[in-house]
Amino acid sequence: MPVPFESLLPFAIITGLFTVTATGLNITRYYSNDRKPTRYGLDLWEKQMMERDRRLTGSLRGQTSEPIAPAAFATNSIWYLEKQRNH
């Protein structure tokens, strides 16, 4: 007659591995976002502002309070952010 708790060990192993995987994914996202929470539901405006921040600071989540952009910002291209018009 089987013992009723013999299935708990594989269940615990599977649950533990799912937990380790999910925790690793959350930690990876957290550190890749400059130790800030992940952004969800981004629209076009927010994506463009994130791209502008990346061009200004080198990081998608970085922001600057300088009133004048660095010299390298003048030569960065923004053309690929604009949608192409059909004439």
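Helices (H or I, at least four residues) and strands (E, at least two) are DSSP runs, numbered from the N terminus. Keep that in mind as we walk through this predicted model, where local features need pLDDT of at least 70, side-chain atom pairs count only at pLDDT 80 or more, and totals for chains, interfaces and linings use all residues. Residues are numbered from 1 along each chain as its sequence is written, and side-chain values use heavy atoms, with hydrogens and water left out.

Let's start with the overall picture. The protein has two helices and zero strands. Of its 87 residues, 9% count as buried; here buried means under 20% relative accessible area, exposed means over 50%, and partly exposed is in between (1.4 Å probe, protein chains only).

Now find helix α1, which covers residues 8-32 and includes leucine 9. Leucine 9 counts as exposed because its relative accessible area is 59%. Together with Ile13 and Leu17, Leu9 forms a nonpolar patch on the surface, and the three share about 320 Å² of accessible area. Like charges are joined within 9 Å, and nonpolar side chains (Val, Leu, Ile, Met, Phe, Trp, Tyr) within 5 Å.

What does the record say about this stretch? An unreviewed UniProt entry places a "transmembrane region" at residues 12-31. UniProt positions are given in the numbering used here, feature names are shortened, and annotations may be inferred rather than shown by experiment. In the model, residues 12-31 are 100% helix and 0% strand, with the end C-alpha atoms 28 Å apart.

Next, look for rings. Searching the whole structure turns up one aromatic pair. Tyrosine 30 and tyrosine 31 have ring centres 5.4 Å apart and planes at 80°, so they pair edge-to-face. Rings of Phe, Tyr and Trp (its six-membered ring) pair if their centres lie within 6.5 Å; planes under 30 degrees apart count as stacked, over 60 as edge-to-face and the rest as tilted. Tyrosine 30 is partly exposed at 38%, and tyrosine 31 is partly exposed at 48%.

Finally, hop to serine 59, in the segment after α2 (44-57). Serine 59 is buried because its relative accessible area is 18%. Leaving out residues up to four places away in sequence, serine 59 touches Asp34, Asp53 and Arg54, where contact means heavy atoms within 4.5 Å.

Notes: Patches are made of residues with over 30% relative accessible area and no salt bridge: like charges are joined within 9 Å, nonpolar side chains (Val, Leu, Ile, Met, Phe, Trp, Tyr) within 5 Å. Accessible areas come from the Shrake-Rupley method with a 1.4 Å probe; for residues, only the protein chains shown count as cover. A salt bridge is a side-chain nitrogen of Lys or Arg within 4 Å of a carboxyl oxygen of Asp or Glu.
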